[in-house]
Amino acid sequence: MADTLSLDRAPSLAAAGREVVTFEARTESPIPLDLAFSLRAGEVTALFGASGSGKTTVLRTIAGLWRPANARVTCDGTVWYDTATGLCLPPHRRRVGLVFQDYALFPHMTALKNVMAALDHLPKAEREARARALLALVHLEGLEERRPAELSGGQKQRVAVARALARDPEVLLLDEPFSALDRAVRVSLYGEIDAIRTRLACPIVLVTHDFEEVARLADRVIVLERGRIIAEGDVGSISARADIPIIAAAAEAGTVLIATLAEVLHDRRLSVLDTPAGRILAPLLDAAPGTRLRVRIPSRDVILADRVPEGLSVHNALHGRVAEIAPRPGAVADVAVAVGSVLLRAQVMEDAVAKLGLAPGRPVVALVKSVAVTVPGA
Amino acid sequence: MDWEALILSIELGIATVFGLAPIAIWAGRALAYREFRGKGFVEALVALPLLLPPTVVGFYLLVAFGRHSPLGQAFEALTGHLLAFSFEGLLVASILINIPFSFQPVQRAFEAIEPSIREAGAVSGLSPWQVFFRIELPLAWPGIVTALVLTFAHTLGEFGVVLMVGGSIPGETKTIAIAIYDRVQAFDDRSANIMALTLLAISIVALGITNTLSRRIGRRRG
């Protein structure tokens with residue numbers, strides 16, 4: 001049933017990469033905001049920051065649940081909110097799907113009715129079938145008649161996702177959707193969101209303070225601090241930013257690579273990955289060759305050498321050039337090595353930088369143990 | 001048993017419930033969701049009839065309903081009879097003194113709905129009216145019924161205000177609570193006893209209903 005369900009929007013809207021939502025806000029109080037960004041079709045943008053950084057406020061402003069004193073939000077050319085002209089489209093007139101942190105299901109309705117409540121835009125006769133298909137999409141067949149009180153946390157969040165999709169949203173907003181769930185449930189929901197995003201052409205915004213979720217799901221990251229953007233970019237470049245304390249602390253800085261599983265070496269219990277940094281050996285992965293996935297290499301697990309050493313257990317020796325050396329507190333240096341088309345981050349002692357005579361432009365070998373290559377959120 | 005008084009009391013109770021229900025739902029919801037200047041003062045004012053002696057409330061209402069007040073004059077010009085010592089006057093008084101009994105349970109019931117649930121209604125495409133009828137009302141319903149049951153039971157038992165505003169006109173303003181007093185004054189203990197037992201039974205049933213409903217609110221949340 002899930003396969004017959006079309007989540008895709010009109011072809012003209014489906015063009016990935018097209019700017020759909022623009023956002024700008026400048027307010028001092030009660031919550032300081034001073035930022036502008038846009039959201040592109042088919043992209044998952046993570047709003048990442050500590051609590052109080054304003055990320056949820058941004059999300060609520062897009063949904064129309066919060067009205068900053070000075071802001072402008074447009075979606076697909078339509079102005080949703082503009083304090084300059086006094087225009088404000090109420091939340092129920094904006095086509096947004098919002099998944100709340102605490103699920104916010106209607107407690108007096110069954111799972112099916114919860115989803116049907118968001119289907120008022122369809123003819124009455126079509127609503128139930130559509131709601132059942134959406135619940136099947138999030139693997140809740142058989143639980144349609146349960147009330148929220150009779151569902152587990154993970155099941156409730158799946159209903160909330162189905163309800164958000166029911167609206168046929170022009171933008172899908174996820175407000176810390178995994179934070180109330182335990183780890184195993186979280187990991188299976190990551191897979192769910194991943195599957196949905198490939199079928200959804202609208203922009204998706206993920207608000208989170210957990211960098212694992214960013215590394216696992218986001219294409220683009222906006223790092224917020226006190227209502228301002230302190231860093232913005234694709235997940236690979238942001239995850240390497242050891243100079244941003246919240247990333248260094250929360251995530252343990254590293255490099256995220258988009259990889260394709262090339263081969264599974266069952267006899268050696270290893271996987272071969274094609275990455276922009278070249279071929280990399282990783283532990284055995286539970287996926288078919290050809291699968292696209294993300295891997296993460298913590299910068300602490302990268303060793304730098306001036307040549308490929310012998311008699312070492314390390315599987316991956318990647319040849320590159322030093323791009324940048326940035327000192328960090330604690331006599332540590334963050335070295336960016338250009339390998340192929342990516343920057344691989346390595347965290348080494350400043351003493352080692354001096355000993356090896358590392359300087360921008362110098363050829364260097366980055367050594368990575370295969371066990372250090374992990375798939376985030378798995 | 002003074003059947004006329006019992007029926008009058010029940011009529012007054014039902015009229016009060018129907019008159020007060022829309023006011024209580026509107027005001028209780030407003031107190032739960034809206035922030036405005038002087039909200040604390042309004043909440044205190046709502047509770048005032050709980051603290052004031054009924055004779056004081058009755059006295060002020062009598063003055064307000066009388067021939068010398070603008071309200072009393074307007075009513076007399078409109079209907080030809082006095083608001084004080086009439087069923088209509090009794091109804092207005094009954095609605096006013098039941099404000100604390102009805103507003104507060106309704107306010108608590110609306111407050112108990114998580115803000116995110118109402119917001120989820122809005123982002124699901126429901127207009128404010130649809131959110132009210134499809135989400136807020138069903139969730140607040142046990143609290144609203146509790147408020148109305150309390151109002152009904154309290155109306156049946158109100159004595160001081162009714163005596164002051166209504167006098168004791170049989171068939172017009174002589175309620176069962178007044179009739180009990182009347183019978184005791186006449187040393188008719190048997191009749192007084194029967195009527196007192198009737199009121200006691202009604203009160204116990206009312207409490208049973210409100211208890212059951214408030215447990216239901218508790219179960220809903222999960």
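Modeller: Gladly, and please keep in mind that this is a predicted model. Let's begin with strand S18 (residues 332-339) of chain A, where 6 of the 8 residues are buried, so the strand is largely enclosed by the rest of the structure.

Biologist: Which strand pairs with S18(A) over 7 bridges?

Modeller: Look for an antiparallel pairing here. One bridge of the pair links Arg328(A) with Val332(A) of S18(A). The partner, joined over 7 bridges, is strand S17 (residues 316-328) of chain A.

Biologist: In the hairpin of S17(A) and S18(A), which residue in the turn has a positive phi?

Modeller: There are 3 residues between the two strands of this hairpin. The one with a positive phi, of about 85°, is Gly330(A).

Biologist: And how many bridges join S18(A) to strand S19 (residues 342-349) of chain A?

Modeller: These two strands also form a hairpin, with 2 residues between them, and there Gly340(A) takes a positive phi near 60°. Val335(A) has Ala346(A) in S19(A) as its bridge partner. S18(A) and S19(A) run antiparallel, and the number of bridges joining them is 8.

Biologist: Let's turn to the open sheet of 4 strands in chain A. Which are its edge strands?

Modeller: The order in this sheet is S14-S13-S12-S15, with antiparallel pairing. An edge strand pairs on one side only.

Biologist: Stepping back to the whole of chain A, what is its radius of gyration?

Modeller: Chain A holds 10 helices and 20 strands. For its 378 residues the globule rule gives 21 Å, and the computed value is close to that, so chain A is as compact as a globular protein of that length. Its C-alpha trace spans about 70 × 55 × 40 Å along the principal axes. The radius of gyration itself is 23 Å.

Biologist: What share of the residues of chain A count as buried?

Modeller: Here the cut-off is 20 or more other C-beta atoms within 10 Å of a residue's own. Of the 378 residues of chain A, the share that count as buried is 43%.

Biologist: How many residues of chain B are in contact with chain A?

Modeller: On the chain A side, 20 residues take part. They divide into 13 nonpolar, 3 polar and 4 charged. The number on the chain B side is 18.

Biologist: How many helices does chain B have?

Modeller: Chain B has 0 strands. From the N terminus on, its elements run α-α-α-α-α-α-α-α-α-α-α. The count of helices is 11.

Biologist: In what sense do H1(B) and H10(B) run, roughly parallel or roughly antiparallel?

Modeller: The axes of helix H1 (residues 3-33) and helix H10 (residues 176-185) of chain B come within 8 Å and cross at roughly 150°. Angles over 145 degrees count as roughly antiparallel. The two helices, H1(B) and H10(B), are therefore roughly antiparallel.

Biologist: Which residues of H10(B) make that contact?

Modeller: H1(B) contributes Ala5(B), Leu6(B) and Ser9(B). The residues of the contact divide into 5 nonpolar, 1 polar and no charged. From H10(B) come Ile176(B), Ile178(B) and Ala179(B).

Key
Residues are numbered from 1 along each chain as its sequence is written. Chains are lettered from A and ligands numbered from 1 in the order in which they are written. This is a predicted model: local features need pLDDT of at least 70, side-chain atom pairs count only at pLDDT 80 or more; totals for chains, interfaces and linings use all residues. Axes are lines fitted to C-alpha atoms, for helices over the stretch in contact, and angles run from 0 to 180 degrees between N-to-C directions. Angles under 35 degrees count as roughly parallel, over 145 as roughly antiparallel, 65 to 115 as roughly perpendicular and the rest as oblique. Two residues are in contact if their C-beta atoms, placed from the backbone, lie within 7 Å. Ala, Val, Leu, Ile, Met, Phe, Trp, Tyr, Cys and Pro count as nonpolar, Asp, Glu, Lys and Arg as charged, and the others, Gly among them, as polar. Two strands pair if DSSP finds at least two bridges between them. The radius of gyration is taken over C-alpha atoms; the globule rule is 2.2 Å times the number of residues to the power 0.38. A residue is buried if 20 or more other C-beta atoms lie within 10 Å of its own, exposed if 12 or fewer, and partly exposed in between; C-beta atoms are placed from the backbone.
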